[in-house]
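Colleague: Could we go through this model together? I would like to begin with the terms and then move on to individual residues.

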Amino acid sequence: TSPTFTLIQQYESTDVGHVYHIDLYRLSDLGELNDLGLEEILQSGQYCFVEWASRLPASFGALHLELEYINPTERILTATPYERA
């Protein structure tokens, strides 16, 4: 499910622990990041997937992930450093 209404959705994985899906589309100001505890989450060492990463302060490092559909059972995942415009 999309965390659009909660901004952060936490999932439990028996393989990797917590996985966070973060949607910053509705973020109104950077002060909200502190209220959400986002810095702690992003520095937790857990997997964090962020939509609208352009709304993160530049101090947060990020990777841009691109999934390319090949066929019903194959995808290509490309990871590159996220660069702000």
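Modeller: A polar contact is a pair of N or O atoms within 3.5 Å; within protein, one must be able to donate a hydrogen and the other to accept it, and residues adjacent in sequence count only if both atoms are side-chain atoms. The model is predicted, so local features need pLDDT of at least 70 and side-chain atom pairs count only at pLDDT 80 or more, while totals for chains, interfaces and linings use all residues. Residues are numbered from 1 along each chain as its sequence is written, and side-chain values use heavy atoms, with hydrogens and water left out.

Colleague: Which polar atom lies 3.2 Å from the side chain of S44?

Modeller: The backbone nitrogen of Q46 lies 3.2 Å from a polar atom of the S44 side chain. S44 sits in the loop between α2 and β3 (47-51); helices (H or I, at least four residues) and strands (E, at least two) are DSSP runs, numbered from the N terminus.

Colleague: Why does S44 count as partly exposed?

Modeller: Because its relative accessibility is 35%. Buried means under 20% relative accessible area, exposed over 50%, and partly exposed in between (1.4 Å probe, protein chains only).

Colleague: Let us step back. In what order do the elements run?

Modeller: The protein chain has two helices and five strands. From the N terminus, the order is β-β-α-α-β-β-β. The C-alpha atoms fill a box of roughly 40 × 35 × 25 Å along the principal axes.

Colleague: What percentage of the residues is buried?

Modeller: Of the 85 residues, 20% count as buried.

Colleague: And the charges: how many side chains are positive and how many negative?

Modeller: There are 4 positive and 13 negative side chains, and the centres of the two sets lie 6 Å apart. Lys and Arg count as positive and Asp and Glu as negative, whereas His and the chain ends are not counted. Each charge is placed at NZ of Lys, CZ of Arg, CG of Asp or CD of Glu.

Colleague: Which residues make up the largest nonpolar core?

Modeller: That core has 12 residues, namely L7, I8, Y20, I22, L24, L27, L33, L38, I41, A53, L56 and F60. β2 (17-23) and α2 (38-42) each supply at least two residues of this core. A nonpolar core is a set of buried Ala, Val, Leu, Ile, Met, Phe, Trp, Tyr and Cys residues joined through side-chain atoms within 4.5 Å.

Colleague: What does I41 touch?

Modeller: Leaving out residues up to four places away in sequence, I41 touches I8, Y20, I22, L36 and C48. Contact means heavy atoms within 4.5 Å.

Colleague: Is H21 buried or exposed?

Modeller: H21, found in strand β2, is buried because its relative accessible area is 19%. Its side chain is joined to that of E51 by a polar contact of 2.5 Å.

Colleague: Where is V50, and what does it touch?

Modeller: V50 is in strand β3 and is partly exposed at 27% relative accessibility. Not counting residues up to four places away in sequence, V50 touches I22, L24, L42 and L56.

Colleague: Finally, which residues does A79 touch?

Modeller: A79, in strand β5 (residues 74-81), touches L63, H64 and L65, again not counting residues up to four places away in sequence. A79 and L63 are 16 residues apart in sequence and 6.1 Å apart in space, C-alpha to C-alpha. At 45% relative accessibility, A79 counts as partly exposed.
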